[in-house]
Amino acid sequence: QVQLVESGGGLVQAGGSLRLSCAASGGTFSTHSMGWFRQAPGKEREFVAAISWNGLNTYYRDSVKGRFTISRDNAKKTMYLQMNSLKPEDTAVYYCARRRGYDGSIYSRGPAEYDYWGQGTQVTVSS
């Protein structure tokens, strides 16, 4: 069993920055791709970004490219999402998740491709 715990969410003004963390415990972390998703009220959960097991490959949804950066530290079993130039439309609960299978493709955007999820952290961007 893998436990994932997100932190770092909060309230920020448009144009501001936040850094989310996802700490893993139990199970395996360093051999799996990881991803960030978000869910706004009344909307479906959507893919935000993913990173390969070794951190060398990343993939982002178009609306966050150039503003968000995903990274990981396998020694600390932690993944990060640096969010800059935040917009009100970024407001959502952000979830981290582990990709199914060893070294799974980071280009699979469906939530069903991920097997373990954190509880989420709220990000609110005011205009």
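Modeller: Two residues are in contact here when they have heavy atoms within 4.5 Å of each other. The model is a predicted one. Shall we begin with Arg67?

Biologist: Gladly! Which residues is Arg67 in contact with, leaving aside its neighbours within four places in sequence?

Modeller: Arg67 has heavy atoms within 4.5 Å of Gln82, Met83, Asn84, Ser85, Leu86, Lys87 and Asp90, so they count as its contacts once those sequence neighbours are set aside. Arg67 itself sits in the loop between strand 6 and strand 7.

Biologist: What makes Arg67 buried?

Modeller: Its relative accessible area is 10%, and buried means under 20%. Arg67 is therefore buried.

Biologist: And which backbone oxygen atoms does the side chain of Arg67 reach?

Modeller: One belongs to Ser63, at 2.9 Å, and another to Ser85, at 3.0 Å. The cut-off for a polar contact is 3.5 Å, so both distances lie within it.

Biologist: Why are the side chains of Arg67 and Asp90 said to meet in a salt bridge?

Modeller: The rule asks for a side-chain nitrogen of Lys or Arg within 4 Å of a carboxyl oxygen of Asp or Glu. For Arg67 and Asp90 the N to O distance is 2.8 Å, so the pair passes. Asp90 lies in the loop between strand 8 and strand 9, so its link to Arg67 ties together parts that are 23 residues apart in sequence. Asp90 is buried, as Arg67 is.

Biologist: How many salt bridges does that rule give in the model?

Modeller: The count comes to seven. Another one of them joins the side chains of Arg38 and Glu46, at 2.7 Å from N to O.

Biologist: How do you know whether Arg38 is buried or exposed?

Modeller: Arg38 has a relative accessible area of 6%. That is under 20%, so Arg38 is buried.

Biologist: Then what makes Glu46 partly exposed?

Modeller: Glu46 has 27% relative accessibility. Partly exposed covers what lies between the buried limit of 20% and the exposed limit of 50%, so Glu46 belongs there.

Biologist: I also see Arg99 and Glu113. What makes their link a salt bridge?

Modeller: Their N to O distance is 3.3 Å, and the limit is 4 Å, so the pair qualifies. Arg99 is in strand 9 and Glu113 in the loop between strand 9 and strand 10 (114-117), so the bridge ties together parts 14 residues apart in sequence. Arg99 is buried at 8% relative accessible area, whereas Glu113 is partly exposed at 32%.

Biologist: Which residues do salt bridges that share partners join into one network?

Modeller: The network is made of Arg38, Glu46, Arg61, Arg67 and Asp90.

Biologist: On to the cysteines. Why is the pair of Cys22 and Cys96 called a disulfide?

Modeller: Their sulfur atoms are 2.1 Å apart. The cut-off is 2.5 Å, so the pair is a disulfide. By this rule the model holds one disulfide. The link is right-handed, with 65 degrees about the S-S bond. Cys22 lies in strand 3 (residues 18-25) and Cys96 in strand 9 (residues 92-99), so the pair ties together parts that are 74 residues apart in sequence.

Biologist: Is that pair of cysteines buried or exposed?

Modeller: Buried: Cys22 has a relative accessible area of 0%, and Cys96 also has 0%.

Biologist: Which neighbours does Val64 touch, not counting residues up to four places away in sequence?

Modeller: Val64 touches Arg38 and Val48 on that count. Val64 lies in the loop between strand 6 (58-60) and strand 7. At 0% relative accessibility, which is under 20%, Val64 is buried.

Biologist: Last one: what phi do Lys77 and Ser85 have?

Modeller: Lys77 has a positive phi of about 55 degrees although it is not a glycine. Ser85, likewise not a glycine, has a positive phi of about 50 degrees. Lys77 is in the loop between strand 7 (68-73) and strand 8 (78-83), and Ser85 in the loop between strand 8 and strand 9. With relative accessible areas of 25% for Lys77 and 41% for Ser85, each falls between 20% and 50%, so each is partly exposed.

Technical notes
Residues are numbered from 1 along each chain as its sequence is written. This is a predicted model: local features need pLDDT of at least 70, side-chain atom pairs count only at pLDDT 80 or more; totals for chains, interfaces and linings use all residues. Side-chain values use heavy atoms; hydrogens and water are left out. Helices (H or I, at least four residues) and strands (E, at least two) are DSSP runs, numbered from the N terminus. Buried means under 20% relative accessible area, exposed over 50%, partly exposed in between (1.4 Å probe, protein chains only). A polar contact is a pair of N or O atoms within 3.5 Å; within protein, one must be able to donate a hydrogen and the other to accept it, and residues adjacent in sequence count only if both atoms are side-chain atoms.
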